Amino acid sequence: MTREEILKKYDPSLDNILYILHDLQDNNPQHYIAKEDIEACANYLNIPYSYIRGVVTFYSMFSLQPRGRYIIRLCESPPCHLMGSESLLEYLKKRLKVNIGETTGDGVFTLELTSCLGICGVAPAMMINEEMVGNLTPEKVDAILEERRQTS
Amino acid sequence: MNIVRNHILISIDAGTIMSGARAVEDALIKELTKYGLDKEISVLETGSLGITGRGVVLVVYPEGIYYANVTAKDVPELVEEHLLKGRPLKRLILTEAPKRTIIIKEKTGLLKEQPRIVLKNCGFINPENIDEYIAAGGYEAIAKALQTMTPVDVVNEVKESGLLGRGGAGFPTGLKWEFAIKTPGDEKFVICNADEGEPGTFKDRLILEGDPHKLIEGMLIAGYAIKATVGFVYIRGEYSLSIERIEKAIADARAYGLLGKNILESSFNFDIFVKKGAGAYICGEETALIESLEGKRGHPRNKPPFPINAGLWGKPTLVNNVETLANVPEIIRNGAAWYKGYGTEKCSGTKVYTILGHVATPGLIETQMGTTLKEIIFEYGGGIKDGKAFKGALIGGAAGAFIGSEMLDVKMDFINLREYAAALGSGAILVMNEETDMVDMLKSVLHFFKHESCGHCVPCRLGTAKLVDIIDRFALSKGKRKDIDDLIDITQVMKGASFCPLGQSVSLPVSSALKYFRDEFMARVS
């Protein structure tokens with residue numbers, strides 16, 4: 001979909017801004033909101049560029065930096081923490097050779113942290129793009145990474 | 001007409017989807033078709049069956065046999081044995097469950113019956129089918145309200161029921177509605193707060209996924225009571241299945257004339273729209289939510305004015321939590337006196353809890369207000385996993401309180417817990433066994449607050465950062481004696497001076513952790 005097509009889906013009303021930004025980001029293969037996206041959104045809603053940028057930076061689901069094909073968002077809230085998410089984070093950093101917020105050299109994975117995903121019954125848990133995965137162990141993480149790498 | 005001899009209810013929620021529920025469902029349909037059983041055995045999707053961490057869960061009726069950890073590979077055997085030959089497949093049976101209850105203690109086979117008001121339909125009806133909701137008595141309450149009650153009658157009924165808001169603060173719902181009805185204004189709004197972000201809480205998600213029409217009906221009744229014509233459901237962006245289900249439910253309700261103009265041939269007009277968040281815990285605070293809904297950064301507003309006087313776009317706005325609104329249809333249908341038959345004197349009804357952490361059977365339960373923590377953990381939650389001992393729990397999420405074993409016999413409700421300087425909050429119960437490092441747990445809580453502080457006011461922005469500095473020192477066993485006093489002092493300042501409940505509530509986990517587990521902190525002083 002082009003930027004214009006996305007914008008046209010919504011009335012040019014300020015309360016649609018989060019929907020528009022979600023769609024623009026999802027439409028970008030690198031899962032981020034580019035400068036051009038902000039400009040297009042600002043023109044469409046007829047509000048300043050700085051305002052849109054302010055909104056983008058407030059919400060944790062939006063990124064101004066290009067990201068990998070798969071965004072891993074590991075939950076770091078107390079229920080997952082209790083069930084061992086901290087050691088999983090170390091494991092993921094080592095496996096992917098990245099720090100939090102970074103993307104692997106091949107552009108496949110970006111490692112992020114998130115607050116509670118609401119699937120605490122299967123803690124520790126994470127999201128990969130839209131998909132939730134729980135009961136994580138290093139072995140399970142390996143299998144998931146391998147599967148995604150194959151399909152990318 | 002087909003006579004259906006068996007119904008297979010398969011739980012399709014975020015938890016089971018990740019274990020491959022869709023593949024199991026496809027395999028079931030394929031296999032039943034192979035044997036020509038597809039006309040006499042129906043496969044129905046339903047919401048959560050209240051069992052988590054057990055893979056794909058399904059239940060076969062009329063026998064009421066629950067299967068867990070089912071994979072697509074098991075399906076041929078399951079169909080052949082149980083549905084063709086009538087021999088339940090023992091190796092996958094979770095337990096046998098009578099009537100309308102969910103199984104909690106599969107090990108002993110003991111069943112703990114749950115009084116269900118909010119979750120009445122969850123796991124029993126297909127949430128994507130409006131007819132099933134109607135068949136279960138759905139939309140009767142709004143019909144009753146429209147035909148036999150005035151808006152004031154509705155407000156009085158809710159007030160009389162003693163329902164307290166289930167979002168965390170426990171404010172009397174009827175009173176809030178009364179303020180709303182008394183506020184003058186041509187245009188009023190109803191907002192359902194589904195920005196569920198309190199760590200350890202997913203009750204609202206399961207209501208949205210399992211019985212979305214109940215929420216719609218609750219909002220309709222609220223709209224009628226306060227004379228609003230538009231409602232919004234603000235859902236956090238991470239809850240994609242909830243968004244999908246509620247959007248479908250709204251579309252179906254519109255098609256049936258249950259939303260829109262002249263609902264049920266009355267003069268009442270009401271419609272509902274979904275708004276999606278984008279990842280910000282603070283947007284669970286009602287004024288921050290309103291800012292976000294208007295298309296701004298989610299900073300909280302000054303109170304007063306309260307949303308009830310000047311909320312969305314400056315208009316009178318009623319904000320209620322998902323679970324609160326889901327109680328309303330049953331209250332209207334059965335009456336306030338019936339509702340008061342559940343729970344305690346000061347705190348009526350039931351509460352939905354999520355039981356997590358080191359328990360044998362983590363999951364979701366609904367039980368009467370006033371149930372003790374001991375009962376919740378040891379009977380509903382199956383006790384502590386792997387035979388270890390109980391040490392403590394974090395109740396009500398990150399903005400809740402730590403408690404020690406001396407609190408196990410306290411009756412859980414909003415009012416009673418306040419007397420013990422604890423809080424019921426969102427109903428999350430995170431259980432910790434004897435091996436848990438409480439300093440490490442408080443560290444996790446404080447890191448959460450530092451990350452989620454919105455930056456709007458100084459006490460919270462700087463306070464959370466300073467608290468993290470201190471707790472990180474304790475985690476490395478480099479705490480100082482003065483640090484313990486500082487933890488208390490900083491949170492007290494935050495409690496008094498922070499702009500919104502986020503910063504104000506940090507004092508609760510800190511003071512309670514130090515109250516029950518002070519020794520562990522002292523042991524980390526260098």
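Start by selecting B:Leu430: at 4% relative accessibility it counts as buried (under 20% relative accessible area; exposed is over 50%, partly exposed in between, with a 1.4 Å probe and protein chains only). This is a predicted model, in which local features need pLDDT of at least 70 and side-chain atom pairs count only at pLDDT 80 or more, while totals for chains, interfaces and linings use all residues. Residues are numbered from 1 along each chain as its sequence is written, chains are lettered from A and ligands numbered from 1 in the order in which they are written, and side-chain values use heavy atoms, with hydrogens and water left out.

**Stop 1: around B:Leu430**

B:Leu430 sits in strand 14 (residues 428–433) of chain B. Helices (H or I, at least four residues) and strands (E, at least two) are DSSP runs, numbered from the N terminus. Show the contacts of B:Leu430 (heavy atoms within 4.5 Å). Leaving out residues up to four places away in sequence, they include A:Pro78, A:Pro79 and A:Leu82, along with B:Met441.

**Stop 2: the interface**

Now select both sides of the contact: 39 residues from chain A and 55 residues from chain B. Among the residues of chain A, pick A:Tyr19, A:Phe58 and A:Leu82. These supply 19% of the area that chain A buries against chain B, more than any other three residues. Together the two chains bury about 3,600 Å², 60% of it on carbon and sulfur atoms. Buried area is the accessible area (1.4 Å probe) that two parts lose on being put together, summed over both.

How many salt bridges are there between chain A and chain B? The count is three (a side-chain nitrogen of Lys or Arg within 4 Å of a carboxyl oxygen of Asp or Glu). Zoom in on B:Glu238 and A:Arg73, a salt bridge whose closest N and O atoms are 3.8 Å apart. Next, colour helix 4 of chain A. With five residues, helix 4 gives the largest share of the side of chain A that touches chain B.

**Stop 3: helix 20 of chain B**

Select residues 507–522 of chain B, which form helix 20. Where is the kink centred? On B:Tyr516, with an angle of about 80°, taken between axes fitted to the seven residues ending there and the seven starting there. B:Tyr516 is also one of the buried residues of helix 20, as are B:Phe517 and B:Phe521. The buried residues pack against elements of chain B including strand 12 (390–395) and helix 16 (438–452).

**Stop 4: B:His213**

Finish in helix 9 (residues 212–226) of chain B, where B:His213 is found. B:His213 is buried, with a relative accessible area of 2%. Its contacts, not counting residues up to four places away in sequence, include B:Tyr133, B:Tyr139 and B:Asp252.

Conventions: Expected span 1.5 Å × (residues − 1).
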